[in-house]
Amino acid sequence: MMNKKQKKRLAVIITALVILAAAAFCEHFTEISSLYLTVPYFISYLIVGFGTLAKAIKNIFRGQVFDENFLMAIATVGAIALGEMMEANAVMIFYQIGELFESCAVDKSRRSISALMDIRPDYANVLRDGEEIKVDPYDVKAGEIIIVRPGEKIPMDGRIVEGLTSLDTAALTGEAEPRSAEAGDDVISGCINMTGVVRVEVTKEFEESTVSKILDLVENAASKKANVEKFITKFAAVYTPIVCLAAALTAILPPLVVPGEVFAVWIYRALTFLVISCPCALVISIPLSFFGGVGGASKLGILVKGSNYLEILARTETVVTDKTGTITTGTFDVEEIKAESVYTSEELLDFAAYSESYSHHPISLSIVNAYDKEIDSTRIKSVNEIAGRGVCAEIKLSDAGRMSEGKLDNAEYNTDTADRSQDKVITVHAGNAKLMNDIGINNVPVLEKTTVYIAVNRSFAGYITFADKIKSDAADTVKKLKLLGVKNVVMLTGDKKETANKVAAAVGIDEVRAELLPQDKVTETEKILAGKNPKKSVVFVGDGINDAPVLARADIGVAMGGLGSDAAIEAADVVIMTDEPSKLAAAIGIAKKTAAIARQNVIFALGVKFAVLVLAAFGYAHMWAAIFADVGVAVLAILNSIRALNVSKFQ
């Protein structure tokens, strides 16, 4: 889809082509004087070349002499002076075609990135003094309640206090599947409310919200250029004046030095030289390649802060990763329930679930989730949380049929509880080994994993172990990284060695360094950086909160699951908007593809130009070959650059 400016350029090109074709037809198939045919040739040239000539003149007065407009103007005006009207028109027409291709390609890349800009909210419905008021998101304060209806964007980060809905997070995460949300759930700005009306308590003002930080990140990405882009910019600034000087010498020296040579021939060759030498293909296609790479990554929910980071990612040799929240989910699942012979595992889980039902600790929530039954609060007589130890709870056993009389007889019930004939009450202690020691149980099994021990009426009843669940795509990610040329994957974690080694073995990680404090992770990362190949890079992947120092220290810091995390967006160079490790492999794959496309364009453009320059110097390449070496190469390089936007194979 072309914009108005592009349509106008296309109309100019078509008009000039029609006039040029008519003039060429008359020249070859009629007896019209060539003097009269000069007029349509001039008209065609002015239609298509006026803008370029005007830019060249303006830039000369601004001191910006040596650019592509100047080269095109000198080459075509010179060709007209030599009577080569067709060549002059052809050069300018094909140059405009190349400019049109560039404009369309940049627009395509920009649209890919600007899709993220759609997350910017236009307004917020805030409740003030019992009335709903539509205001600018910047005017909403933390703690206020906003109302979000179906089809509206969530304007700022907050927590749902009322309502149930589904959220479209595709613009932020690249994931098409809606996410359900209800009262108590945190929501982030930029998501689209799909179904129900919800009331949200604002937790961050707009300037500090996720959407604001993301927009700022994307808008400033273009300011951080890759080394190859910087090289091309500097190269063009030096290259163009040298080319102009070489062309001038080509036009003047041979006729003066070599007997029999005429100025017209060598001026034509010099003009051909100028057209060939125009650096458009490089100046346009290299930035476009990286722009396309950044845009393609954003489609998958991968935010890259600058094209320079894509270039560094493409050289990744070692990936250093955190464990919890990166390789694993960071939530604990019940792994094993081991009951003493007096009880069954179902009974032990029942005791634990009722004891832990009032706690918001992740372990407690895991126990309640594993129980997967509705908690009858009337059975809970009292709960006492013991800091650093666990909980102590008194639980009624109204349904005595759940246990056999033999088991009941083995339990010393709380004699202080009245009416024992109807409600039997037990005291349950659930916690760590220290809690067991405190109540006189000293022989609990010592396990190298997260464990909750259960005692009933101060008698040991069993234990429940937990495992931090490995993310479903973690193992596949390591395989993909190896295929992408990553030689070493290292895991740094504060967990115990046994747990870390078990996770590493399941995923396929090469090296594990466990039981580390946050500062130890920085030290270990610095050791890895010191031993790396200087031409390669070390990438650290973390959750973006506790790992901020390491994210900043590595060659590239990648924040995993960085939505709503200030530390992730501030410290990382790349932010993966979902919790999927596979997006890391996608980011490196996109970076390698983008860098390869940029290299291809450099080699192809310089190779073709050099070959045609040599031919032109000896009179074997004329203006039509020059047109291909300039515009043809530029168009092919632009088309090659657009491939960076295609990231379907990385999904």
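Residues are numbered from 1 along each chain as its sequence is written, and side-chain values use heavy atoms, with hydrogens and water left out. Because the model is predicted, local features need a pLDDT of at least 70 and side-chain atom pairs count only at pLDDT 80 or more, whereas totals for chains, interfaces and linings use all residues.

The protein chain has an average pLDDT of 82, and 86% of the residues score at least 70; pLDDT is the predictor's confidence in each residue, from 0 to 100. Over residues 400-406 the pLDDT stays under 50, and the model has nine contacts for this stretch beyond four places in sequence, a contact being heavy atoms within 4.5 Å. Residues 408-421 also stay under 50, with 20 contacts beyond four places in sequence. Where pLDDT is low, the predicted coordinates should not be read in detail.

An open sheet is formed by six strands in the order β12-β17-β16-β15-β14-β13, with antiparallel pairing. Helices (H or I, at least four residues) and strands (E, at least two) are DSSP runs, numbered from the N terminus, and two strands pair if DSSP finds at least two bridges between them. Strand β12 is joined by eight bridges to β17 (residues 459-470), and the two run antiparallel. Lys 338 stands opposite Tyr 463 in β17. Helix α12 (residues 362-371) packs on the sheet, where it touches β12, β16 (450-456) and β17, and its direction makes about 60° with that of β12. Axes are lines fitted to C-alpha atoms, for helices over the stretch in contact, and angles run from 0 to 180 degrees between N-to-C directions.

Two loop residues have a positive phi although they are not glycine. Asp 372, in the loop between α12 and β13, has a phi near 55° and is exposed, with a relative accessible area of 65%. Arg 458, in the loop between β16 and β17, has a phi near 65° and counts as exposed at 52% relative accessibility. Buried means under 20% relative accessible area, exposed over 50%, and partly exposed in between (1.4 Å probe, protein chains only). Most residues other than glycine have a negative phi.

The structure holds five aromatic pairs. Rings of Phe, Tyr and Trp (its six-membered ring) pair if their centres lie within 6.5 Å; planes under 30 degrees apart count as stacked, over 60 as edge-to-face and the rest as tilted. Tyr 138 and Phe 206 form an edge-to-face pair, at 4.6 Å centre to centre and 70° between the planes. Tyr 138 lies in the loop between β2 (131-135) and β3 (145-148) and Phe 206 in the loop between β9 (198-202) and α6 (210-219), so the pair ties together parts that are 68 residues apart in sequence. Tyr 138 is partly exposed at 42% relative accessibility, whereas Phe 206 is buried at 2%. The ring centres of Tyr 453 and Phe 460 are 6.4 Å apart with planes at 45°, so this pair is tilted. Tyr 453 is buried, at 5% relative accessibility. One aromatic cluster is formed by Tyr 453, Phe 460 and Tyr 463.
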